There are 2 protein chains.
Amino acid sequence: MVSSILIIGGSDAGISAALRAKELDPATAVTMLVADAYPNYSICGLPFYLSGEVEDWHQLAHRTLEEIQAAGIRVALNTRAVEISPQSQAVVTHSHEGGTRTQTYDRLVIATGAQPVQPSILGIDQPGVFLLHSMDDSFKVSAFLQLHEPRRALIVGAGYIGLEMADALTHRGVAVTVVEQQRTVLPTVDETMGESLRRHLEEHGVDVRTGVKIYQIEQTGKALHVTGNPEFDREVDLVLVVVGVEPVTDLAQTAGIELGMRGAIPVDRMMATTVPGVYAAGDCVETYHRLLDRATYLPLGTTAHKQGRIAGENVLGGSRQFAGTLGTQVVKIFDWAIARTGLRDQEAKAAGYVPKTVDFVTWDHKAYYPGAQELRFRITGDSQTGQLLGAQIIGPWQASVAKRVDLFAMALYHQMMVRDLLEVDLSYTPPLGSPWDAVQMAADYWLRTDTH
Amino acid sequence: MVSSILIIGGSDAGISAALRAKELDPATAVTMLVADAYPNYSICGLPFYLSGEVEDWHQLAHRTLEEIQAAGIRVALNTRAVEISPQSQAVVTHSHEGGTRTQTYDRLVIATGAQPVQPSILGIDQPGVFLLHSMDDSFKVSAFLQLHEPRRALIVGAGYIGLEMADALTHRGVAVTVVEQQRTVLPTVDETMGESLRRHLEEHGVDVRTGVKIYQIEQTGKALHVTGNPEFDREVDLVLVVVGVEPVTDLAQTAGIELGMRGAIPVDRMMATTVPGVYAAGDCVETYHRLLDRATYLPLGTTAHKQGRIAGENVLGGSRQFAGTLGTQVVKIFDWAIARTGLRDQEAKAAGYVPKTVDFVTWDHKAYYPGAQELRFRITGDSQTGQLLGAQIIGPWQASVAKRVDLFAMALYHQMMVRDLLEVDLSYTPPLGSPWDAVQMAADYWLRTDTH
């Protein structure tokens with residue numbers, strides 16, 4: 001009988017596990033250890049706090065501490081787990097005040113999340129240079145913005161957070177340079193999409209430098225002098241370093257868990273680790289990919305929620321399986337949304353498919369009705385079986401880019417053939433779509449196009 | 001060997017059949033008989049032409065005559081088919097100029113569409129009273145609007161076209177009264193949704209009268225005096241009667257086809273009629289419903305396109321089956337979109353399910369990001385199996401109402417369980433969604449709610 005559940009981590013996966021366990025069995029004691037003072041905050045919301053669009057950081061809480069406690073969850077704030085002993089089913093914790101405790105559990109959920117990767121840049125520890133991942137990080141950046149009113153910022157890394165921060169700082173009137181080591185911005189989408197996005201960034205005044213590796217940041221007077229290869233040299237007032245995250249797994253190792261891909265915790269589809277009674281979920285674990293049918297490392301809030309919910313069910317004896325990620329992602333940058341789901345051409349090839357990928361442009365709704373917007377699709381399918389493998393869309397965010405990529409995600413979930421997309425009875429009215437929706441026109445284009 | 005295909009009708013189903021046949025076999029002769037001069041016009045676009053939002057009616061053409069002809073399709077305009085003789089595989093036609101011809105075919109597609117229902121209202125044939133379905137109808141209304149500049153309009157029927165015309169005429173500065181015989185507006189959605197929409201119409205100055213049956217229209221001076229039951233009495237300058245459509249099937253009957261439900265042409269899922277060599281598609285046929293697994297009458301442009309495409313494939317010897325309608329529909333009225341897919345509670349009950357239907361309200365995206373909009377969901381599922389049966393959504397059209405209902409349509413196509421909606425990896429970024437998208441929150445609410 002499971003009477004006490006201990007959850008380490010208070011972000012998406014942890015809170016989802018805690019809430020689900022309490023929902024299914026209110027009698028079970030659920031305790032959540034939170035390393036800082038901010039349980040269940042929207043880390044994805046940090047750029048919008050720093051842009052000024054979200055005025056009060058308290059709004060970023062998905063739920064308040066009071067709401068979490070009202071659900072019957074015991075929350076220990078500022079409490080860091082430092083050791084797991086599976087033999088004695090106990091966890092040693094340190095609190096901020098210095099106290100050390102040992103807490104026992106019947107079932108444990110590790111949801112320690114991820115931390116920013118710190119690239120090897122000389123001078124990265126200087127004042128004015130920030131990583132950005134936690135609430136504390138964002139308070140530091142916020143304080144710097146208010147105190148120093150920087151006019152020029154440099155962002156290292158053109159991934160989701162880097163580009164959202166380019167938007168956010170531009171919104172505040174700061175002149176922004178984005179530097180990316182890869183050949184295009186947002187390397188999680190294909191280069192044709194990345195090049196469209198680069199132009200959109202430039203139209204909004206962002207200076208974009210790709211194929212450049214930053215190696216040094218030096219203080220020069222009140223400014224920061226940033227240098228990189230090849231031939232990059234810039235004086236700015238603020239540097240953000242956002243080049244990705246890595247799983248936080250020191251604690252998991254104390255439990256005897258051997259780490260897997262990119263240092264993440266291996267779990268089965270029930271979110272159980274190799275250690276009996278110990279589950280793990282969220283940005284610290286390897287994630288099952290539904291199309292690849294194997295583990296990958298893909299830390300996302302949506303996945304953390306789903307995995308946490310499943311862990312919360314299975315710690316109580318359930319046997320729910322994680323359906324798997326499809327790699328669905330969307331980001332809004334200035335006026336555009338850029339979204340993807342499934343596999344890209346080279347990912348599909350690496351997975352043994354014989355992919356065909358096409359680019360297609362059409363209107364979001366009937367062009368005769370005012371306000372029609374151009375959507376750019378990139379569709380990947382298997383040329384031998386006709387199975388849909390992936391889709392990327394870029395266009396004005398009001399044109400339902402995100403929900404249109406979700407239609408492809410639904411199709412991928414069901415392993416649909418591209419052809420069968422044309423069978424689905426989707427909605428139509430001239431101001432909002434076409435008799436064949438844009439996603440169906442893109443599918444039809446894929447069918448009709450021979451890329452050889 | 002099929003060497004000549006004759007298609008009767010130049011709207012959605014007819015043109016889709018013609019294009020598909022030509023795409024698959026450019027060598028086959030495809031002739032399309034069009035009763036008027038307007039092949040492939042967007043009938044769904046008429047309200048936006050009459051509102052003034054579409055300035056030139058030519059823009060309503062999905063394709064121009066030249067584009068259709070460039071695809072290799074022979075188009076006979078102003079040519080009405082009056083008799084089909086399956087024995088001799090021939091069709092007798094009358095042209096506007098009075099000529100009578102006989103044209104033979106190897107395969108025939110009947111795509112004669114629908115016509116407006118003319119309710120029994122005294123004085124419906126008077127000047128200033130209009131039905132609205134064809135390009136010709138809309139030219140008459142347009143001419144009346146320009147010539148007489150009516151200040152007050154009355155619309156009989158609060159279905160899709162009636163409400164779009166309420167919006168369109170309000171847009172032109174005309175004071176609009178909408179009269180509906182049913183208890184709420186838009187009877188194709190449930191009453192709770194209809195009541196929300198009624199308030200939205202009223203907020204935009206539309207006078208809405210439900211539960212009223214119009215029985216008489218009289219000329220009084222320059223105005224029209226409209227009376228109805230109970231106690232309805234109004235003087236206006238223009239009356240539109242838009243109470244639905246019925247299939248046009250006189251011609252089909254000359255081929256010996258016995259009509260089915262609501263006078264529509266029975267077809268199998270290959271769009272073949274009971275007469276060898278004769279296919280039919282679009283608003284004139286009975287439509288296979290994927291959830292009910294039987295025929296229904298549900299004339300929609302989206303369905304007409306799909307059925308036409310299938311007929312165009314099968315006249316060449318194909319064996320493609322129509323996947324079935326899900327009853328997916330959306331309409332934009334002022335600032336809102338109202339969408340539905342699948343079965344409503346009473347429809348599900350009539351079909352033998354034990355439905356549970358819940359109402360749920362949430363934000364379209366994280367409330368901390370500016371501009372979050374409220375979406376109202378109504379979800380129907382089978383309480384015994386957990387299968388999703390239907391969904392209705394109402395909310396601001398920018399909040400991806402249409403594409404969110406399409407996510408439910410995708411789920412219905414795959415006969416998903418409500419529970420499994422939570423498994424799908426949908427996209428998330430705070431300005432455009434939530435870690436669990438609103439459609440998933442609605443599904444979760446259905447799961448957690450006991451309506452008994």
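Biologist: What domains is chain A divided into?

Modeller: This is a predicted model. Its chain A is divided into domain 1 (4-43 + 52-113 + 247-314), domain 2 (129-243) and domain 3 (329-448).

Biologist: What makes the crossing of α1(A) and α8(A) right-handed or left-handed?

Modeller: A crossing is right-handed if the near helix is turned clockwise from the far one by less than a right angle. α1(A) passes α8(A) in a right-handed crossing. The axes of α1 (residues 12-24) and α8 (residues 301-314) of chain A cross at roughly 35 degrees and come within 7 Å.

Biologist: How do you know which residues make that contact?

Modeller: Two residues are in contact if their C-beta atoms, placed from the backbone, lie within 7 Å. The contact includes Ile15(A) and Leu19(A) of α1(A), with Ala304(A) and Gly308(A) among the residues of α8(A). By class, this contact has 9 nonpolar, 7 polar and 4 charged residues.

Biologist: How many residues do domain 2 and domain 3 of chain A bring to their contact?

Modeller: Domain 2 of chain A gives 15 residues and domain 3 of chain A gives 13 residues. On the domain 2 side, α6(A) gives the most, with 6 residues. The C-alpha centres of these two domains lie 30 Å apart.

Biologist: And which element supplies the largest share of the side of chain B that touches chain A?

Modeller: The contact takes 53 residues from chain B and 54 residues from chain A. On the chain B side, α10(B) supplies the largest share, 10 residues. That side has 29 nonpolar, 15 polar and 9 charged residues.

Notes: Residues numbered from 1 in each chain as written. Chains lettered and ligands numbered in written order. Predicted model: local features only at pLDDT ≥ 70, side-chain atom pairs only at ≥ 80, totals over all residues. Helix = DSSP H or I, 4+ residues; strand = E, 2+ residues; numbered from the N terminus. Nonpolar A, V, L, I, M, F, W, Y, C, P; charged D, E, K, R; others polar. Axes fitted to C-alpha atoms, helices over the stretch in contact; angles between N-to-C directions. Domains from an automatic or database assignment.
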